[in-house]
Amino acid sequence: MKTPKEPTEAHRNFFRDVHDVVRLIPRGRVTTYGAIAHYLGARHGARMVGWAMMAAHPSVGPEAIPAYRVVNRLGLLTGRQHFATPTAMQDFLEAEGIQIVDDQVQDFKTRFWDPSTELS
């Protein structure tokens with residue numbers, strides 16, 4: 001399987017679909033890699049969603065993708081190392097009113113946004 005550094009056309013299309021879903025996550029809410037994969041019909045595609053999030057980081061301005069709103073299934077900020085600083089992901093989430101303790105979203109069940117429910 002190719003990595004994001006050399007994505008195929010199919011990967012680029014999947015990444016675009018992931019980015020479109022991530023742009024819909026409301027401020028103050030988070031979702032998971034797996035929830036996005038499930039919504040897009042790729043039940044076991046959480047890793048590909050992670051790759052799509054890594055590819056999203058160069059986007060700025062109106063094209064920006066709020067990748068910081070995507071966390072792992074336990075609410076952990078596992079993507080934090082892909083941001084400009086070690087605390088950037090947490091800083092963005094806290095600016096939206098989400099409390100983070102030890103790299104984990106607090107009140108995760110309340111903050112969780114499920115695209116399969118919200119977009120159906």
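This is a predicted model: local features need pLDDT of at least 70, side-chain atom pairs count only at pLDDT 80 or more; totals for chains, interfaces and linings use all residues.
Asn72 touches Thr32, Tyr33, Thr78 and Phe108, leaving aside residues up to four places away in sequence; touching, or contact, means heavy atoms within 4.5 Å. You will find Asn72 in the loop between β2 (70–71) and α4 (88–95). Residues are numbered from 1 along each chain as its sequence is written, and side-chain values use heavy atoms, with hydrogens and water left out.

Is Asn72 buried or exposed? Asn72 counts as buried because its relative accessibility is 16%; buried means under 20% relative accessible area, exposed over 50%, and partly exposed in between, using a 1.4 Å probe and protein chains only.

Let us follow the chain to Leu74. Leu74 is placed in the loop between β2 and α4, and counts as partly exposed because its relative accessibility is 44%. Not counting residues up to four places away in sequence, Leu74 touches Gln104 and Phe108. The C-alpha atoms of Leu74 and Thr32 are separated by 8.6 Å, and these two residues are 42 apart along the chain.

Now step back to the whole protein. It has six helices and four strands, and along the sequence they follow the pattern α-β-α-α-β-α-β-β-α-α. Of its 120 residues, 38% count as buried. Among contacts with a separation of 6 or more, residues 24 or more positions apart account for 65%.

Next, look at the charged side chains. Side chains of opposite charge can pair when their charged atoms come close. The term salt bridge is used here for a side-chain nitrogen of Lys or Arg within 4 Å of a carboxyl oxygen of Asp or Glu. How many salt bridges does a search of the whole structure find? There are five.

One of them joins Asp17 and Arg16, with the closest N and O atoms 3.8 Å apart. Asp17 counts as partly exposed at 31% relative accessibility, and Arg16 counts as partly exposed at 44%. Another links Asp20 with Arg23, where the closest N and O atoms are 3.3 Å apart. Asp20 is partly exposed, with a relative accessible area of 38%, and Arg23 counts as partly exposed at 34%.

Asp103 and Arg80 also meet in a salt bridge, at 3.4 Å from N to O. Asp103 lies in the loop between β3 (100–101) and β4 (104–105) and Arg80 in the loop between β2 and α4, so the pair ties together parts that are 23 residues apart in sequence. Asp103 is partly exposed, with a relative accessible area of 27%, and Arg80 counts as partly exposed at 30%. Finally, salt bridges that share partners join Arg27, Arg69 and Glu96 into one network.

Our last stop is the empty space. Rolling a probe the size of a water molecule over the atoms shows where empty space is left. On a 1 Å grid over the protein atoms alone, probed at 1.4 Å, a pocket is an open set of points with protein on both sides within 12 Å along at least five of seven lines, and lining residues have an atom within 4 Å of a point.

The largest pocket has a volume of about 230 Å³, a volume being the space filled by probe spheres set on the points. Its lining has 16 residues, and the closest to its centre are Tyr33, Gly50, Thr78, Gly79 and His82. Helix α3 (residues 46–56) gives the most to this lining, with six residues.

The second largest pocket holds about 190 Å³ of space. It is lined by 12 residues, of which His57, Ile65, Tyr68, Phe83 and Phe92 are the closest to its centre.

Methods: Helices (H or I, at least four residues) and strands (E, at least two) are DSSP runs, numbered from the N terminus.
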